[in-house]
Amino acid sequence: MSWFERVRGFVARVWPFARWPILIGIGFAIGFVVPYTLVLDHRVKTRVTEIDFTQPTRVYARPQLLEAGVPMNKATLTLELQLAGYSEAAHVAEVPGTYSIDGDQFVIASRGYMDPVSGELPRRVRVTLVSGQIQSVFDLTSDKLLHKTHLDPARIATMYGAEQEERIIVKLSELPPLLVEGVQAVEDRDFKNNHGIDFSSIARAALADLRAGRVVQGGSTITQQLVRNLFLDRNQTLIRKFNEALLSILLDAHYSKGQILDAYCNEVFLGQQGGQAVHGFAAASWYYFGRPVQTLRPQEIALLVGMVRGPSYYDPRRWPERALARRNQALDAFHATGLLNTAQWNSARAAPLDVTSNPQLVVDRFPAFMDVVRKQLKQDFSDQQLRNGGLKVYTTLDPAAQTYAEQALDQALHGLGKRSEGLEGAVVVVDPSDGDVLAMVGGRKSDRHGFNRAYDARRPVGSSLKPFYYLMALTNPSRWNVASLLDDSPIALKLPTGKLWTPQNDDHKSHGEVPMVQALAQSYNLASVHLGLQLGVDRVAAFLRSFGLTDVQDNPSLLLGAVDMSPFQLAQLYEFIADDGHALPLMTLRGVLDAKGHVIKQYAVEPGKGQYQQAVALVRWMMQQVTQYGTAAAIGKSGLADLHVAGKTGTSDHQRDSWFSGFTGDRLAVAWMGRDDNKPTHLWGATGALRVWMDLFDKLPTAPLGTSPGDGIQYAWVDPSTGQGSLPQCDGAQQFPFIDGYAPPVQNHCYLQRLENFFGGGNSNGAAAQPPDGTHPQTLPE
């Protein structure tokens with residue numbers, strides 16, 4: 001009897017008993033397995049088609065300019081590098097994203113960048129610092145001096161969608177070949193030949209685990225791992241295992257190996273920071289090493305590949321020994337499969353982990369500044385675009401200035417001791433030349449979201465308003481100049497309500513007639529009110545409204561700062577004086593790129609011709625006297641004296657608000673202190689906010705403000721007690737600046753004094769740029 005006949009006989013005997021189970025099985029396959037497979041097939045095609053992964057919007061600071069003459073010190077440049085995710089090299093910086101320091105010289109291996117305004121290629125530069133500024137920038141790549149370059153900007157925030165996932169989508173061709181081949185060597189050596197599942201790999205892994213007594217080798221293919229990430233939960237059940245196998249076969253049937261590997265490299269989970277998950281090798285490269293995946297060295301690639309097995313278990317920041325051992329296992333696999341030669345293998349195994357100390361996964365580093373950025377962005381982009389559009393937003397923020405502003409507020413509050421209980425503060429720092437907002441601190445807890453006092457708090461500004469109507473007066477040079485005498489006598493003004501308004505000086509004294517410059521420097525309220533009433537309160541209010549202020553009432557109390565503004569708004573006002581009469585809007589944005597790197601929005605201001613430039617120059621000069629012998633004389637007596645700061649203190653009624661606004665040659669800052677419950681602070685502008693300002697500029701590199709008022713201004717000798725022109729040899733004569741053609745004629749010839757001098761008595765020398773009477777009057781506390 002043949003073999004075929006024996007089998008046929010066996011089937012004939014068994015068929016009566018087995019036909020129903022077989023038919024039921026066929027029916028089950030037709031009725032359930034096939035439809036179920038079709039459902040899964042549809043799910044696979046739909047889900048993979050949608051793997052145009054949504055990416056969060058990333059927000060960046062402005063690039064740090066490196067140019068000879070730019071104010072810079074060693075501490076600030078180091079801070080800028082650290083905040084941008086650079087790490088200090090053990091020796092001379094070679095790898096992009098690293099720096100090294102030798103005395104006052106920095107070697108920086110930059111990463112390059114592209115933003116809406118410009119860009120830089122990666123390069124190695126040597127930056128030399130001398131006397132608080134950059135002396136030179138030398139390109140070590142091309143071996144020549146550079147006129148200027150920029151560091152790639154620090155990432156300061158991320159606008160996530162609901163999934164809170166960090167991704168940077170890259171094509172397979174954009175990844176290092178060693179990474180693409182290495183992940184196959186470690187995770188699925190037969191990836192190119194299997195059909196989604198690999199039974200031999202499963203058996204090999206089971207045997208290795210059995211020998212080791214623990215899990216040492218995974219049996220899942222790359223396709224199975226991708227299926228788990230895209231479709232399945234982590235439950236270890238038979239149903240999930242069946243689904244995983246079936247989905248893997250379907251995925252392999254529909255898509256090429258290149259497409260599967262591409263999706264895997266962008267989807268693989270590689271870490272977690274708080275609520276933000278890190279997916280894909282490109283995002284992980286920034287998270288662990290602070291630079292693009294294309295710049296990774298073999299040992300760094302091996303660490304990322306090795307961490308696929310368990311990102312939490314092999315976290316190099318928490319468990320460096322585990323991570324090092326796992327990295328070396330991956331390197332061994334690279335060597336065994338011929339991806340690394342023996343020399344490369346030995347060198348990579350000997351290298352340290354070299355991960356950055358701080359994760360480069362930024363959620364919202366500077367909440368007050370980002371609050372304003374979001375408000376400005378929402379005028380141009382939808383919430384959906386901002387959450388999932390993969391946009392790159394480039395801002396004006398200077399990370400070092402922001403850090404110093406936060407530290408200055410903390411330091412000033414700490415210095416007040418028990419008086420700081422219940423106190424709040426805010427700081428705004430601006431580049432007056434273009435209106436860029438460089439820093440913004442919204443409260444003493446600067447790292448927390450909440451009420452943004454820098455932008456949203458509206459508080460009376462006190463004497464901070466005085467320079468603006470002094471400016472109005474000086475636009476009429478035939479009537480007013482910096483030596484004009486102002487009446488500082490008492491005032492009793494009946495208001496329309498019938499109430500009698502009787503303002504006071506802070507020292508509760510009257511000073512008679514005083515020169516305009518002294519009235520501003522000492523912040524005399526009575527002299528200022530007399531001036532404002534002569535100008536017209538309605539005209540002063542109209543001038544302030546021209547800056548966009550809306551809540552300005554035509555009340556005499558306006559002259560003493562009875563108008564509510566935020567620090568941001570006050571900085572907007574002072575920008576006009578700091579930038580020679582150019583009224584520029586304050587900007588927090590520079591531009592936006594889409595996910596493909598195309599410019600979709602640029603934010604720029606074209607400055608027009610400045611207004612009242614000579615009058616502005618005179619106000620700026622008077623504000624410099626404020627910091628020399630006036631209410632902010634603490635600056636002139638400190639190490640900041642050489643900056644020739646122009647500034648103004650401000651204190652609201654009952655000392656509820658303490659203000660100081662001041663600028664140097666390239667930086668303007670407004671500081672405020674007060675209480676949210678509006679109770680008195682018992683601080684003047686000079687004892688509260690001024691401290692914040694000085695602590696900030698003790699650290700912030702900046703250029704001094706010029707002492708020459710500029711074109712269209714002439715100096716002339718005057719007698720401050722009369723405001724009349726004087727011969728320079730007359731007692732008490734001082735040099736004051738005037739608009740060309742409007743200096744007072746010489747009327748004080750001091751004939752008697754000259755005769756006395758002729759016969760050997762008296763002083764023949766006048767004084768320049770001194771306060772009236774040649775002595776420093778008592779400095780008031782405002």
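Biologist: Which elements each supply at least two residues of the lining of the largest pocket?

Modeller: They are strand S1, strand S6 (113-114), helix H8 (281-289) and strand S16; helices (H or I, at least four residues) and strands (E, at least two) are DSSP runs, numbered from the N terminus. Before going further, please keep in mind that this is a predicted model, where local features need pLDDT of at least 70 and side-chain atom pairs count only at pLDDT 80 or more, while totals for chains, interfaces and linings use all residues. Residues are numbered from 1 along each chain as its sequence is written, and side-chain values use heavy atoms, leaving out hydrogens and water.

Biologist: OK, and how much space lies in that largest pocket?

Modeller: About 1000 Å³, a volume being the space filled by probe spheres set on grid points that are joined across faces, edges and corners. On a 1 Å grid over the protein atoms alone, a pocket is an open set of points with protein on both sides within 12 Å along at least five of seven lines, a cavity is a set where a 1.4 Å probe fits but cannot get out, and lining residues have an atom within 4 Å of a point.

Biologist: Which residues of the lining lie nearest the centre of the largest pocket?

Modeller: The lining of the largest pocket holds 40 residues, and Tyr 60, Ile 168, Trp 286, Pro 292 and Lys 392 are the ones nearest its centre.

Biologist: And how much space is in the second largest pocket?

Modeller: The second largest pocket has about 880 Å³ of space. It is lined by 37 residues, with Arg 62, Asp 431, Ser 433, Asp 434 and Asp 436 closest to its centre. Two or more lining residues come from each of strand S2 (64-67), helix H2 (74-83), strand S11 (148-151), helix H14 (399-415) and strand S25 (589-593).

Biologist: What about cavities, how many of 30 Å³ or more are there?

Modeller: The structure has 1 cavity of that size, and the volume of the largest cavity is about 50 Å³.

Biologist: Changing topic, how many aromatic pairs does the structure hold?

Modeller: There are 12 aromatic pairs. One of them joins Tyr 60 and Tyr 394, which are stacked at 5.1 Å centre to centre with 15° between the planes. That pair links distant parts of the chain, since Tyr 60 is in strand S1 (residues 57-60) and Tyr 394 in strand S16 (residues 392-395), 334 residues apart.

Biologist: What counts as a pair or as stacked?

Modeller: Rings of Phe, Tyr and Trp (its six-membered ring) pair if their centres lie within 6.5 Å, and planes under 30 degrees apart count as stacked, over 60 as edge-to-face and the rest as tilted.

Biologist: Is Tyr 60 buried or exposed?

Modeller: Tyr 60 counts as buried because its relative accessibility is 14%, buried meaning under 20% relative accessible area, exposed over 50% and partly exposed in between (1.4 Å probe, protein chains only). Tyr 394 is buried too, with a relative accessible area of 4%.

Biologist: What kind of aromatic pair do Tyr 455 and Phe 568 form?

Modeller: Tyr 455 and Phe 568 are edge-to-face, with 4.9 Å centre to centre and 70° between the planes. They also link distant parts of the chain, 113 residues apart, with Tyr 455 in the loop between strand S18 (436-441) and strand S19 (459-460), and Phe 568 in helix H19 (residues 567-578). Tyr 455 is partly exposed, at 21% relative accessible area, whereas Phe 568 is buried at 10%.

Biologist: Which residues form one aromatic cluster?

Modeller: Phe 468, Phe 543, Phe 547, Tyr 574 and Phe 576 make up one aromatic cluster.
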